[in-house]
Amino acid sequence: MDTTTDNASPRGARRALLPKTLLSALALGLTLGLGACSSSNNNDSGGGGTAPPSLNSLSGTVRASATEGGTAGGPLAGVTIRAGNASSVTNANGQFILTSLGVLATGSLVVELDGTTAGVAGQFPLLDIVIDLSAGATEAFLPQVITLPDLTNAASSTQAVMTDMSGAVTAPISVTGTEADMILEGDTGTIITVGGMATAQMVNLNMSPVPAAQVPMPLPGQRIGSGFVTIQPGNATFDPPPAGGTAGLDVVLPNDMGLPVGAMVDILSFDHDAGAWVNRSLETGNQGVVIDLGGGETAIDADGVITEGGWHTGSIDVDPDCATTVTGRVVDAKGAPIANASIALFTGQFASTGADGRFSIPLVPAYDIAALAGDPSMCIGVDLCYEAVLSPNNGSLTSGKLVFGAGGVMTGGTTDLGDISFTLPTTGNLAGIVNGTVSPTEPVMIAGPTNTSVVPQSNGGFFVTGLEQGAYTASYLFTGRTNPTVVPFTITAGQTTTITIQAPMGGGEGDITVNVFLGDDDSPGGAFKPLPGAAVTLRGTDSASMNGLVGTTDASGAVTFMNVDGPFDATAQIDLLVAGVQTIRFAGSVLNIDPVGSNIGVPIFFSDAPQSVTDATLMGNLANAPMLMGNEMLMIRMLDDEFGFFEAPIDAQGDYTLNVPSDVMLDAIIYHADSVAQGSVQPIATLDMLGLGPVASGQTLTQDFDWNGGRRVDWDQSVMFDIAGADAAATNAEVTVGISMGNLFFDFDVYDGAIGPFTANLPDATDANLSGYDLVVEADVNNLTNSVDQSCNAVLATTPATYTFDLLTRPTLIAPFDGAMYTVSEISNLDAIWSLGAAGTLTQGVEIFRIAGFSKTKGGITFVWQMFLPVGSTTFRMPPTVLPMFEAGQFDNANISKTRFDGFTFDFDTFFNENVDANLEAIEAALNAACEAGNSVNFMVTP
């Protein structure tokens with residue numbers, strides 16, 4: 001080392017501080033160790049894959065360096081990330097997700113982090129890192145959180161270095177920090193190039209300290225780093241003056257590890273071209289030495305060793321006999337392992353957890369430097385500081401600085417940090433790209449459990465983190481289009497979903513308004529009301545709508561789609577609370593319709609299931625009760641449209657007690673019954689009184705009746721029923737007959753036997769007290785491949801001789817078949833096929849394809865979906881929906897049934913054209929004439 005004093009230059013001034021007696025008495029080959037938690041070292045604890053992976057995404061987190069200490073600052077937004085064919089920009093949380101990485105040629109990937117584009121105060125450098133990838137990987141993560149130093153922080157120093165046209169500096173280089181332990185110097189005539197090009201006139205040289213735990217690249221194994229700095233520009237090179245001189249620039253580095261004065265130190269630099277640390281002391285022949293600055297301060301001084309910009313440090317060997325292997329595990333609150341978590345030791349070493357949540361970092365120098373320097377056998381442990389940070393898939397959560405006490409450090413052995421626990425968010429991420437447009441400017445609209453939007457970057461890429469799991473759609477309005485392009489997707493907690501939004505080709509011609517109506521599932525054609533807030537999907541035949549356009553109905557229950565061509569499939573969906581306790585998704589679809597006008601009516605049938613909360617009491621006495629014979633009995637029944645019916649027997653003294661729902665109006669019916677007729681309770685005569693209650697919760701209402709004081713209806717009409725035309729395999733049937741009179745309803749079993757004629761006793765339809773009643777018939781035909789459930793309503797004003805129940809034209813489902821297993825993707829593209837039976841030539845009417853979904857994980861029914869299509873159709877494809885009915889991982893057990901309403905005198909396209917309310921009332925009239933039902937199948941939906 002040159003000890004000549006040159007007071008004419010800052011370089012000479014720095015050297016004048018060095019004690020000559022120390023320089024002549026340097027000790028060689030000292031093996032030194034680590035001091036406290038703020039000291040540093042980097043070792044690579046991971047390995048690489050053996051074959052090129054096929055990546056869907058790469059994600060990571062970038063932070064800004066704190067100005068002091070060993071902890072990182074906040075998230076760094078606006079950093080440009082480039083890898084493969086993809087690029088992205090970090091969000092406000094410092095997170096990024098890259099997609100469309102292209103085909104990788106090797107099992108490693110160069111990732112460029114351009115901090116010069118950061119959208120926060122300060123100046124941040126450019127960094128290239130190389131990550132190894134596992135063979136077959138579909139997702140990749142940066143092996144640690146990347147911390148970029150702020151080049152304008154108080155400990156940094158910048159010099160505007162003047163150069164001539166050849167890049168030669170015209171005055172000595174002197175980048176001096178606020179302390180004497182961080183200096184960069186060079187002679188006049190030194191050639192500076194940036195990015196391979198000679199600088200012209202000026203270049204800003206910056207030197208900034210970097211805490212050891214924030215150095216983004218690990219040192220080679222068995223090396224300790226001391227005094228990490230970054231010199232920018234990172235792609236600058238420094239050549240000696242043409243007239244001669246040292247190989248590179250001189251440097252003074254902080255001795256933050258407390259290496260003893262006189263220790264010889266190698267200077268290591270990270271070579272971005274090689275993607276590895278290189279020993280500049282070996283290249284140049286110039287080692288550094290620890291010098292005394294006075295006042296108890298020391299530094300590492302090295303001449304002619306800085307030949308490039310980037311990251312640099314002093315380095316010595318680790319003592320393997322004193323070092324420890326650090327292990328541990330990262331888990332969630334339930335003890336389940338968390339993969340891809342980053343563990344950063346404040347020695348500068350790091351590791352990533354595997355699938356089992358475990359990590360291992362060898363050769364950690366957690367020993368006392370001074371003790372080891374005084375006695376090579378003294379391996380005394382020191383406090384070990386560390387931090388755990390989760391991947392962006394798990395919200396980039398951080399543990400903050402943790403300390404493992406010196407007493408637990410096993411020098412020369414293994415130190416187990418134990419479990420590091422996190423409470424994971426129930427969120428996932430979305431990453432995608434908008435294709436088919438240049439520099440997209442419209443936002444991508446995200447709709448689902450979390451509603452948000454994101455403007456794509458200039459290359460079309462976009463990502464959103466922290467989405468609650470569930471079913472979503474992403475929509476983008478391309479230039480020149482009236483309707484957005486919509487892509488459905490599902491978010492799973494702890495995973496990244498990738499999608500592509502492709503610009504459509506061509507357009508449509510007309511506008512279509514979809515009107516959505518809500519009606520009572522138990523009473524088709526009842527009080528249908530416009531339904532606002534329903535999610536609507538319209539699929540047409542033009543290229544813009546063929547994959548489905550999405551909208552939401554307004555206050556009048558309507559949504560308009562412009563520039564589309566038919567015929568159309570229109571689907572409406574909404575989540576409704578049933579009985580105040582369970583949310584079920586209800587949907588209606590009208591398929592293969594070419595409406596006469598510009599409107600399509602879509603019905604959604606809503607059934608509010610009974611809620612058996614009987615928290616009030618009715619009691620009383622029946623006077624003038626009829627004389628009972630044999631098995632006859634008296635019953636009281638309370639009915640309410642919302643909750644169903646509740647009944648109890650009346651004893652021999654005429655007393656009754658009945659539990660009923662509170663705060664509702666009740667209809668009371670007392671009836672004379674035969675308890676064994678046809679194996680059921682069959683009414684003989686009826687007395688009704690309307691409008692009882694309501695009863696307050698927990699209260700009792702006394703209500704007495706007089707058998708002679710009410711309106712009596714005798715059950716004396718004998719009606720013949722006949723089940724005919726069923727499959728040859730069918731041998732017997734169970735038939736339930738019910739009646740509905742105004743607000744009153746009864747059902748009871750009247751027949752269970754061989755297929756053919758049977759007789760049921762019903763009220764006399766000619767009674768002066770009755771204008772008629774609705775007859776409800778349900779038949780369950782046994783010994784078929786699948787049972788048949790049929791319901792037909794008839795208003796009987798006169799007694800028919802025989803009511804024929806014809807099953808001949810029952811459609812039979814062929815696909816999906818009973819017990820089939822489908823994935824979510826398969827069921828979303830399923831072709832439903834059925835045979836039409838003997839009467840397959842029918843051309844008028846409506847067929848309903850009904851699906852009810854049951855979830856093992858959610859419990860009970862999760863959705864009810866009815867699809868309307870013209871009679872005579874033999875196949876159709878499951879229509880697209882805004883919110884998918886079938887959710888991966890929910891193991892939906894879906895029941896599909898096929899029903900035909902035949903005999904309509906109107907055209908299907910006209911029926912669903914405009915006035916859906918009036919047209920739906922026609923369904924009820926048509927049911928009086930004919931009713932045929934198809935068989936049903938059950939299938940499972942798997943992930």
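Biologist: Where does P233 lie?
Modeller: P233 sits in the loop between β16 (223-232) and β17 (236-239). Keep in mind that this is a predicted model.

Biologist: And what is the peptide bond from Q232 to P233, cis or trans?
Modeller: The bond from Q232 to P233 is cis, with omega near 10 degrees. The bond from G566 to P567 is cis too, with omega near 5 degrees.

Biologist: Where is P567 found?
Modeller: In the loop between β42 (558-564) and β43 (568-578).

Biologist: Step back a bit. How many helices and strands are there in the protein?
Modeller: The protein has 7 helices and 69 strands. It has 943 residues, and buried ones make up 53% of them.

Biologist: Of the contacts between residues at least 6 apart in sequence, what percentage join residues at least 24 apart?
Modeller: That figure is 70%.

Biologist: On to the inside. How many residues has the largest nonpolar core, and which have the most contacts inside it?
Modeller: The largest nonpolar core has 38 residues, and L58, V111, L113, I129 and W277 have the most contacts within it.

Biologist: Which elements give two or more residues to this core?
Modeller: They are β1 (57-65), β3 (80-83), β5 (95-99), β6 (108-114), β7 (126-132), β9 (146-148) and β19 (264-271).

Biologist: What does L58 touch, leaving out residues up to four places away in sequence?
Modeller: L58 touches A83, F96, I97, L98, L101, L109, V111, I131, A140, F141 and L142. There is also a second, separate core of 36 residues, which includes V536, F568, F605 and F606.

Biologist: Cavities next. How many of 30 Å³ or more does the structure hold?
Modeller: It holds 4. The largest cavity contains about 80 Å³ of space. Its lining has 13 residues, and the closest to its centre are L142, Q144, V145, L390 and S391.

Biologist: How does the lining of the largest cavity divide into nonpolar, polar and charged?
Modeller: There are 7 nonpolar residues, 6 polar and no charged.

Biologist: How many disulfides does a search of the whole structure find?
Modeller: The search finds 1. C322 is joined to C379, with S to S at 1.7 Å. The link is left-handed, with -70 degrees about the S-S bond.

Biologist: What does the pair C322 and C379 tie together?
Modeller: C322 is in the loop between β23 (310-317) and β24 (324-332), and C379 is in the loop between α4 (369-374) and β28 (384-389), so the pair ties together parts that are 57 residues apart in sequence.

Biologist: Does C322 count as buried or exposed?
Modeller: C322 counts as buried, at 1% relative accessibility. C379 counts as partly exposed, at 28%.

Biologist: Which strand is T862 in?
Modeller: T862 is in β66 (residues 861-870). T862 is buried because its relative accessible area, 14%, is under 20%. Leaving out residues up to four places away in sequence, T862 touches I584, R585, G853, F854, S855 and D892.

Biologist: And which strand has I670?
Modeller: I670 is in β50 (residues 666-674) and is buried, with a relative accessible area of 2%. C-alpha to C-alpha, I670 and E647 are 9.4 Å apart in space, and they are 23 residues apart in sequence.

Biologist: Last topic, backbone angles. What is phi of N592?
Modeller: Phi of N592 is near 55 degrees, a positive value in a residue other than glycine. N592 lies in strand β44 (residues 582-593) and counts as partly exposed, at 46% relative accessibility.

Biologist: And where is N624?
Modeller: N624 is in the loop between β46 (616-623) and β47 (632-640). N624 has a positive phi of about 55 degrees.

How values were computed
Residues numbered from 1 in each chain as written. Predicted model: local features only at pLDDT ≥ 70, side-chain atom pairs only at ≥ 80, totals over all residues. Heavy atoms only, no water. 1 Å grid on protein atoms, 1.4 Å probe; cavity = no way out; pocket = protein on both sides within 12 Å on 5 of 7 lines; lining within 4 Å. Points joined across faces, edges and corners; volume = space filled by probe spheres on them. Nonpolar A, V, L, I, M, F, W, Y, C, P; charged D, E, K, R; others polar. Core = buried A, V, L, I, M, F, W, Y, C linked by side-chain atoms within 4.5 Å. Buried < 20%, exposed > 50% of the residue type's maximum accessible area, 1.4 Å probe, protein only. Helix = DSSP H or I, 4+ residues; strand = E, 2+ residues; numbered from the N terminus. Contact = heavy atoms within 4.5 Å. Disulfide = S-S within 2.5 Å.
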